[in-house]
Amino acid sequence: EKRQGVGPVRTSLLQGALIPQMMLWYRTERTGPGMVGWAKNHPVTLFECSDGGWIHVMGQPINAPLMRRGIDSMSPEARAAALAEFADVPIPFMAEWGAVKAVFKTRSCAEWLAHLWEHDVPAQAVGRLGEFYADEQARANGYVVEVDTSRYGRTLQPGVPLHIEPPPRQRVRPSVTGWTPRDAPAESVTPAKPLAGIKVVDFGNFLAGPLTAMLLADLGADVIKVEMPSGDPMRPIAWAFNGCQRGKRGLGLQLKDPAARTIVERLVRDADVVHHNLRLPVAEKLGIGYQALKAINPQLIYSHVSSYGRYGERKDWPGYDQLFQAAAGWEYEGAGPGNPPMWHRFGMMDHLSAMNSLSVTLLALLHRQRTGQGQFVAASLLGAAVLSFDTAQGPDGKLLPSPALDSRQFGLSPAQRLYRCVDGWIVVDDPSIDAERRLLAHFRAADVAALELALS
C-alpha cells in the first residue's frame, strides 16, 4: 500500500536532554514567587531511621499515628529545637518537618515503611540498584523478564513498561538485516503535524500525566486540560507546572458536581484520547473511569499513568517521582559511596513514565487506525523505574558489573567524569579501553590527581 508523506524519522541525545530542561524557567515576561526554583540545598523529605536506613516520604507523615505520638511525646524544648532547623524552608509542604526528622530516628526503616503504607502515606525505602528485580509488583506487571544469554546464562532484565492489547513481546536476539531508510521526497511541502486532527482530553495533575498530554500537543493534537476549580495541585510551583502545559487549552470543571456530567460527555464523545494520572478508584468516583467513558465513546483510547502498574496488590497506591528514584536505587547511586542518599531534582521518573505513556498512546492510535478499536493503555512510574536499570541480575542473584559514581560525584572513571577548569567545568566521556592511558599521556600527567591539577 502506498502511503503519503512517509520519510525518515530522527531524534537525538540533545532532544532527550531537553525533556527535563523544560522544568527550568529563568526568563519570563511575568514572574512571581512560584517561578523561583529550588536551590540545591533546599531540604528534601529524605529521613534517616534508627537502623541507618533511609526513607523518602511524600504527603504528611504526621497523619500516621506512630509519628503523631512520637512528636507529642517530645519535650517542649526538644520539639522547639527540632522545628527551628527547618523554620526558613520557603515551601512548607511538610508539617512539623524538624520534629518529623527526629522521630524517624526512633524506629527502623522497615517499621516506618509498613506503618506509613498502612495509613496511606506515600513512602518508599531508599533501596539499592536492582532490588526491584525481586519486587512482586514489578513482576506482576511484566516489568521484569527472564532472558537466557550465552555469556551469563539466565538473567533478569527490564521488561516492556507498557500495557496494551495485543501485549508487546520481548525479542531476545533481535536482528535487523537488509533495511534501508526511505529517502524523503525530492519535492516536499511542510506537512501537517502527525497528530493534527486528534483530540485529547487531559484530566491529569502534577507532572507524569500532563507531560504526556503536552508532548501529544507538540505533535499536533488538540489538547484540552480539565482542572478542578481549585486548579492543578502543582500550579503554585509555577516553574514546574509551566514545564508540562505548552500547547493546551484549559477548562475549569467541578467533576464532583452532577451538572458537570453533560460537559464531560460532550468532551469525550468526539475525543480520540483521554489521558490522566489520577488513581483509578478516584477517577471512577469522579465519573471518568474507563468503563464510564467507553460507554460514551467505544473507540476511545483511555491512556493512564499509575504509580505501581496496572496489576498487583499495590496497583491503586499513591506514588511520586521521588519515591521511585528512592526505591530504584538511584538516590544511593547518585550520591556516591559514603554519602547520604540524594534526590535527583524534579522529574526523573516522571519524565521517563511520561515518555513511556506517550509511546503506548501512539501505539494505541496506530492500532485503532488499523482495527477501529479503542482500548485502555497504561504506563507507570514503577515500569519507568525498572526500565532505568543499566544492569541485569545474574543467575546467582547478584547484579552484573556496572560502573558506579565516585564519592565526589565527579564521574565513573578518569575518562568518564567532570573536571574543573579555570573558568568552569568540562565533561570527558570516552568509554574505550585505553582512554585513561591516552588522556593521561596527552596532558603528560602521571595520575588523575595530576590531571586535575593540569586542567585547573
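Student: At what angle do the axes of helix H7 and helix H14 cross?
Tutor: This is a predicted model. H7 covers residues 208-218 and H14 covers residues 348-371. Their axes come within 8 Å and cross at roughly 50°.

Student: Is H7 roughly parallel, perpendicular or oblique to H14?
Tutor: Roughly parallel needs an angle under 35 degrees, and roughly perpendicular needs 65 to 115. The crossing is at roughly 50°. Therefore H7 is, relative to H14, oblique.

Student: Which residues of H7 make the contact with H14?
Tutor: On the H14 side, the contact includes Asp350, His351, Met355 and Leu362. On the H7 side, it is made by Ala208, Leu211, Thr212, Leu215 and Leu216.

Student: How many nonpolar residues does the contact of H7 with H14 have?
Tutor: The contact has five polar residues and one charged residue. Its nonpolar residues number eight.

Student: Why do the buried residues of helix H16 lie on the same side?
Tutor: In H16 (residues 435-442), Ala435, Leu439 and Leu440 are buried. They lie on the same side of H16 because the arc they cover around the axis is only 125°.

Student: Which helix is included in what covers the buried residues of H16?
Tutor: The cover includes two strands, S13 (416-421) and S14 (424-429). It also includes the helix H17 (448-455).

Student: Which residue just after H5 takes a positive phi?
Tutor: Helix H5 spans residues 109-118, and its buried residues include Trp112 and His115. Just after H5, a positive phi of about 60° is taken by Asp120.

Methods
Residues numbered from 1 in each chain as written. Predicted model: local features only at pLDDT ≥ 70, side-chain atom pairs only at ≥ 80, totals over all residues. Heavy atoms only, no water. Axes fitted to C-alpha atoms, helices over the stretch in contact; angles between N-to-C directions. Helix = DSSP H or I, 4+ residues; strand = E, 2+ residues; numbered from the N terminus. Parallel < 35°, antiparallel > 145°, perpendicular 65-115°, else oblique. Contact = heavy atoms within 4.5 Å. Nonpolar A, V, L, I, M, F, W, Y, C, P; charged D, E, K, R; others polar. Buried < 20%, exposed > 50% of the residue type's maximum accessible area, 1.4 Å probe, protein only. Arc of directions from axis to C-beta.
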